[in-house]
Amino acid sequence: QVQLVESGGGLVQAGGSLRLSCAASGNIFSINAMAWYRQAPGKQRELVAGLTSGGSPNYADSVKGRFTVSRDNAKKVYLQMNSLKPEDTAVYYCNADVWTPVGTYRGIWGQGTQVAVSS
């Protein structure tokens with residue numbers, strides 16, 4: 001079974017940093033294109049940052065210059081979040097296409113990790 005597991009969330013003061021991880025488990029070859037989303041209470045889920053299969057990043061305007069998405073290896077990606085603001089408080093999810101021996105699973109979601117930024 002292919003799964004994505006996020007980790008690294010927590011409580012941090014405004015101006016602080018966190019690094020989120022998204023790891024794929026199961027019989028897989030690699031994570032292909034992926035994206036980080038977030039959902040704050042009472043709000044719709046929004047795209048935060050993405051990484052194409054070719055490794056090109058893209059960011060929401062609200063996080064440009066503060067967040068960095070990167071890949072460590074074929075099965076793990078990160079979201080480095082610096083200069084955090086209270087409005088960054090949300091549950092963060094990774095979503096990815098995962099290449100496996102039986103084909104590509106598209107749009108798999110992780111369970112989410114909570115990020116809380118205090119003012």
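Q: What makes A35 count as buried in this predicted model?
A: Buried means under 20% relative accessible area, and A35 has 11%, so A35 is called buried. This residue is found in strand 4.

Q: Why is P41 called exposed?
A: The cut-off for exposed is over 50%. P41 has a relative accessibility of 73%, so the label exposed applies. P41 lies in the loop between strand 4 (30–39) and strand 5 (46–51). The C-alpha atoms of P41 and A90 are 7.0 Å apart, although the two residues are 49 residues apart along the chain.

Q: How do you know that C22 and C94 are joined by a disulfide?
A: A pair of cysteine sulfur atoms within 2.5 Å counts as a disulfide. The S to S distance of C22 and C94 is 2.1 Å, so the pair qualifies. The structure holds 1 disulfide.

Q: What makes this disulfide right-handed?
A: The torsion about the S-S bond of C22 and C94 is about 60°, so the disulfide is right-handed.

Q: Are C22 and C94 buried or exposed, and what are their values?
A: The limit for buried is under 20%. C22 has 0% relative accessibility and C94 has a relative accessible area of 0%, so both cysteines count as buried.

Q: Why is the pair of Y93 and W109 called edge-to-face?
A: Rings pair if their centres lie within 6.5 Å, and planes over 60 degrees apart count as edge-to-face. Here the centres are 6.3 Å apart and the planes stand at 85°, so the pair meets both conditions. Y93 is in strand 9 (residues 90–100) and W109 in strand 10 (residues 103–109), 16 residues apart.

Q: What else involves these rings?
A: Ring pairs link Y37, Y93 and W109 into a cluster, and a search of the whole structure finds 3 aromatic pairs.

Q: Why do Y93 and W109 get separate accessibility labels?
A: Y93 has a relative accessible area of 14%, which is under 20%, so Y93 is buried. W109 has 37%, between 20% and 50%, so W109 counts as partly exposed.

Q: How do you know that the charged end of R45 sits over the ring of Y93?
A: One condition is that CZ of Arg is within 6 Å of the ring centre, and another is that it is within 35 degrees of the ring normal. The charged end of R45 is 3.8 Å from the centre of the Y93 ring, and it sits over that ring. R19 likewise lies over the face of Y78, at 4.0 Å from the ring centre.

Q: What makes S83 partly exposed?
A: Its relative accessible area is 40%, which falls between 20% and 50%, so S83 is partly exposed. S83 lies in the loop between strand 8 (76–81) and strand 9. Its phi is near 50°, a positive value in a residue other than glycine.

Q: Which kinds of residue line the largest pocket?
A: The lining divides into 2 nonpolar, 4 polar and 7 charged residues. Of the 13 lining residues, R38, K43, E46, E87 and D88 lie nearest the centre of the pocket, and Asp, Glu, Lys and Arg count as charged. About 150 Å³ of space lies in this pocket.

Conventions:
Residues are numbered from 1 along each chain as its sequence is written. This is a predicted model: local features need pLDDT of at least 70, side-chain atom pairs count only at pLDDT 80 or more; totals for chains, interfaces and linings use all residues. Side-chain values use heavy atoms; hydrogens and water are left out. On a 1 Å grid over the protein atoms alone, a cavity is a set of points where a 1.4 Å probe fits but cannot get out, and a pocket is an open set with protein on both sides within 12 Å along at least five of seven lines; lining residues have an atom within 4 Å of a point. Grid points are joined across faces, edges and corners, and a volume is the space filled by probe spheres set on the points. Rings of Phe, Tyr and Trp (its six-membered ring) pair if their centres lie within 6.5 Å; planes under 30 degrees apart count as stacked, over 60 as edge-to-face and the rest as tilted. Helices (H or I, at least four residues) and strands (E, at least two) are DSSP runs, numbered from the N terminus. Buried means under 20% relative accessible area, exposed over 50%, partly exposed in between (1.4 Å probe, protein chains only).
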